[in-house]
Amino acid sequence: MTASTAEEPWPVRTVAMKVAGWIDRLGSIWVEGQLTQINARPGTRTAFLVLRDPSADMSLSVTCSPQLLERSPVPLTEGAQVILYGKLSFFTGRGTISLRATDIRAVGVGELLARIEKLRGLLAAEGLFDPRLKRPLPFLPRTIGLITARASAAEKDVLTVAQRRWPAVQFDVRHTPVQGPTAVPAILDALKDLEGKVDVIILARGGGSVEDLLPFSDEALCRAISRATTPIVSAIGHEPDSPLSDHVADLRAATPTDAAKLVVPDAVAEQNLVTDLRARTAAALRNWVAREARGLEMIRHRPALADPIAGIDRREEEIERLVDAGRRDVLRELAKQDTLVEHLRARLQTLGPAATLARGYAVVQRMVAGEDPEVLRSVDDAPPGTQIRVRVADGAVTAAVMGKVR
């Protein structure tokens with residue numbers, strides 16, 4: 001058949017037949033999903049189901065024999081996780097696609113747990129559980145986002161405990177399904193809507209079976225929690241329950257009540273802490289003042305400050321003592337030197353010419369006109385007629401040489 005053109009378009013029947021042929025070539029396939037709608041009227045030969053992907057907003061119409069539902073070993077209800085085997089068909093009359101199922105198998109708890117463990121390993125390998133990625137909670141959040149079921153015990157516990165601990169706390173509550181096929185999309189929308197509007201977000205629900213808590217191990221929800229910029233606290237189930245959201249969230253709470261205690265500080269406890277810290281600070285300040293006062297008192301009682309003149313007096317006495325000692329040393333040295341001088345004088349006098357003259361000797365000098373007197377050392381130097389001067393102990397006389405005697 002030639003390609004369609006504006007001049008030669010294909011009729012609807014041709015397009016419908018081509019689509020039916022293409023889909024028919026897909027053959028029989030296995031499909032996994034959640035049953036969100038079951039319509040099996042008594043007396044009819046066909047049951048109508050809706051199979052939904054819990055991780056995406058996509059669904060598929062399914063038809064099967066009512067006996068296929070009745071023969072299932074596990075009752076099939078809305079929200080059940082199942083695996084279907086069938087073949088897609090395109091109904092040309094209505095232009096719709098439907099999967100004709102020939103086998104339906106409910107996913108058991110063991111298989112669900114195995115799949116959760118497989119996803120747990122995958123997320124851990126990608127680093128979504130890394131403690132370094134955990135965001136710290138604010139000490140005193142102004143507004144807390146709460147995602148939980150309407151009128152649930154979890155909502156009551158969180159609000160009651162939080163308001164009792166800190167009456168001024170504000171909540172932005174978003175009610176969503178917490179189990180079943182519509183839970184994950186609703187929780188994702190609530191997370192997206194609260195992002196950036198609150199300081200911290202609490203995911204809360206009570207305990208339940210593995211199937212009931214299955215939405216909180218959904219891969220799409222876990223990745224959304226990891227991407228969030230607002231700190232998220234996971235308070236799903238009770239202490240033994242551990243969905244994957246607990247590991248991806250920034251903080252895990254054993255119960256919704258514990259989540260309120262972890263997020264909201266206790267006003268009474270904080271007031272007691274402030275009072276205790278104030279008392280400890282005041283005591284520390286008083287102790288410091290007392291210690292410094294004792295130190296000042298000790299400094300004031302030191303001799304240098306108690307009697308500052310005493311040091312000067314002691315120095316004055318010491319100086320006077322040193323001056324006296326110095327004076328005595330000087331006088332002693334002077335006396336010593338005077339004695340030495342006297343001894344030297346006596347020796348000098350003994351050795352000097354005056355003493356010799358006193359013993360009867362005389363000094364004879366030759367007198368030459370215009371010259372100083374010269375000591376006469378030889379008789380040859382004084383021929384007769386030479387003027388001489390004779391010095392004795394008590395004076396001197398002049399004379400003339402009469403002759404010489406050998």
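A pocket here is an open set of grid points with protein on both sides within 12 Å along at least five of seven lines. This model is predicted, and its largest pocket holds about 470 Å³ of space.

Start with the domains. The domain assignment divides the protein chain into domain 1 (12-107), domain 2 (142-265) and domain 3 (357-401). Taken over C-alpha atoms, the centres of domain 1 and domain 3 are 173 Å apart.

Now return to the largest pocket. Domain 1 and domain 2 each contribute at least three residues to its lining. In total, 21 residues line the pocket. Nearest its centre lie Gln81, Arg115, Leu119, Ser217 and Asp218. Two elements, β1 (28-39) and α3 (109-125), each supply at least two lining residues. Helix α3 gives the most, with 6 residues.

Next, look at a helix pair. Helix α5 spans residues 183-194, and helix α6 spans residues 219-227. Their axes come within 10 Å and cross at roughly 10 degrees. Angles under 35 degrees count as roughly parallel, so α5 and α6 are roughly parallel to each other. On the α5 side, Val184, Ile187, Leu188 and Leu191 make the contact. On the α6 side, Ala220, Leu221, Ala224 and Ile225 meet them. What classes do the residues of this contact divide into? The contact of α5 with α6 has 8 nonpolar residues, no polar and no charged.

Methods:
Residues are numbered from 1 along each chain as its sequence is written. This is a predicted model: local features need pLDDT of at least 70, side-chain atom pairs count only at pLDDT 80 or more; totals for chains, interfaces and linings use all residues. Side-chain values use heavy atoms; hydrogens and water are left out. Domain bounds come from an automatic or database domain assignment. On a 1 Å grid over the protein atoms alone, a cavity is a set of points where a 1.4 Å probe fits but cannot get out, and a pocket is an open set with protein on both sides within 12 Å along at least five of seven lines; lining residues have an atom within 4 Å of a point. Grid points are joined across faces, edges and corners, and a volume is the space filled by probe spheres set on the points. Helices (H or I, at least four residues) and strands (E, at least two) are DSSP runs, numbered from the N terminus. Axes are lines fitted to C-alpha atoms, for helices over the stretch in contact, and angles run from 0 to 180 degrees between N-to-C directions. Angles under 35 degrees count as roughly parallel, over 145 as roughly antiparallel, 65 to 115 as roughly perpendicular and the rest as oblique. Contact means heavy atoms within 4.5 Å. Ala, Val, Leu, Ile, Met, Phe, Trp, Tyr, Cys and Pro count as nonpolar, Asp, Glu, Lys and Arg as charged, and the others, Gly among them, as polar.
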